[in-house]
Amino acid sequence: MEARLDNQRGYDHGTFVPLMLIYPAADIPVVQLSLLSSLDPAAHIAIGKALAPLREQGVLIVGSGMSFHNMRAFFSSDPAIRGRSETFDHWLNETLSSEALAATEREQRLTHWADAPQGRFCHPREEHLLPLLVCFGAASHSGKPARQNFSGLLFNTAISGYVWR
């Protein structure tokens, strides 16, 4: 994979906000990756797979974003939005956490996330979901499912967080 360093660009809020909370002393080295302009889910999973050896060396790979990111829906008073977000959140949790799914099936489902129930509603654009796919790729060599480490409501929409060990 082709990569290049751009030391003129500052950290995105998806990098500095979580790391500011986790490491307030800012005493760890950080490398931020940009999303590919193609926004191709399979390519982002492949990036994660390329990063997998770093994980085995103790490097923390963080994919920030949201399991729901439809800004219009966040601030809507439509009561149906919560159910729509819960539908996708359930699909995502099953895809990432179910012991019943093979790793290859998880990858296929994530590659075609936009076809998931309420997938495109919850993510009109995929920028806030693709970091999760990179993390999935980085952990996929183990074949183990993720563990949901957060589930809650934000502005009356379901959101979740995941971790691979």
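The model is predicted, so local features need pLDDT of at least 70 and side-chain atom pairs count only at pLDDT 80 or more, while totals for chains, interfaces and linings use all residues. Residues are numbered from 1 along each chain as its sequence is written, and side-chain values use heavy atoms, with hydrogens and water left out.

Start with the open spaces. A pocket is an open set of points on a 1 Å grid over the protein atoms alone, with protein on both sides within 12 Å along at least five of seven lines. Lining residues have an atom within 4 Å of a point. Grid points are joined across faces, edges and corners, and a volume is the space filled by probe spheres set on the points. The largest pocket holds about 1,200 Å³. Its lining has 35 residues, and Gly-14, Thr-15, Val-62, Gly-63 and Ser-64 are the closest to its centre.

Which helix gives the most to this lining? Helix 1 does, with 7 residues. Helices here are DSSP runs of H or I with at least four residues, strands are runs of E with at least two, and both are numbered from the N terminus. Helix 1 (13-22), helix 2 (41-56) and helix 7 (130-139) each supply at least two lining residues. By class, the lining has 22 nonpolar, 10 polar and 3 charged residues. Ala, Val, Leu, Ile, Met, Phe, Trp, Tyr, Cys and Pro count as nonpolar; Asp, Glu, Lys and Arg count as charged; the others, Gly among them, are polar.

The second largest pocket has a volume of about 860 Å³. Its lining has 20 residues, and Ala-3, Arg-4, Gln-32, Leu-33 and Ser-34 lie nearest its centre. That lining has 13 nonpolar, 3 polar and 4 charged residues.

A cavity is a set of points where a 1.4 Å probe fits but cannot get out. The count comes to 1 cavity of 30 Å³ or more. The largest cavity holds about 40 Å³. Helix 5 and helix 7 each give two or more residues to its lining. Among the lining residues are Arg-106, Phe-136 and Trp-164.

Arg-106 leads on to helix 5 (residues 103-111), where Arg-106, Arg-109, Leu-110 and Thr-111 are buried. Buried means under 20% relative accessible area, exposed over 50%, and partly exposed in between (1.4 Å probe, protein chains only). The cover over these buried residues includes helix 2, helix 4 (80-97) and helix 7.

Helix 2 also holds His-44. Why does His-44 count as buried? Because its relative accessibility is 1%. Leaving out residues up to four places away in sequence, His-44 touches Leu-35, Leu-36, Leu-39, Leu-130, Leu-133 and Val-134. Contact means heavy atoms within 4.5 Å.

Finally, turn to the rings. Rings of Phe, Tyr and Trp (its six-membered ring) pair if their centres lie within 6.5 Å; planes under 30 degrees apart are stacked, over 60 edge-to-face, and the rest tilted. The whole structure has 7 aromatic pairs. Phe-74 and Phe-155 form an edge-to-face pair, 5.7 Å centre to centre, with 65° between the planes. The two residues are 81 apart in the chain: Phe-74 is in helix 3 (residues 71-74), and Phe-155 is in the loop between strand 1 (147-154) and strand 2 (157-163). Phe-74 is buried at 6% relative accessible area, whereas Phe-155 is partly exposed at 48%. Ring pairs link both into a cluster with Phe-68, Phe-75 and Phe-121.
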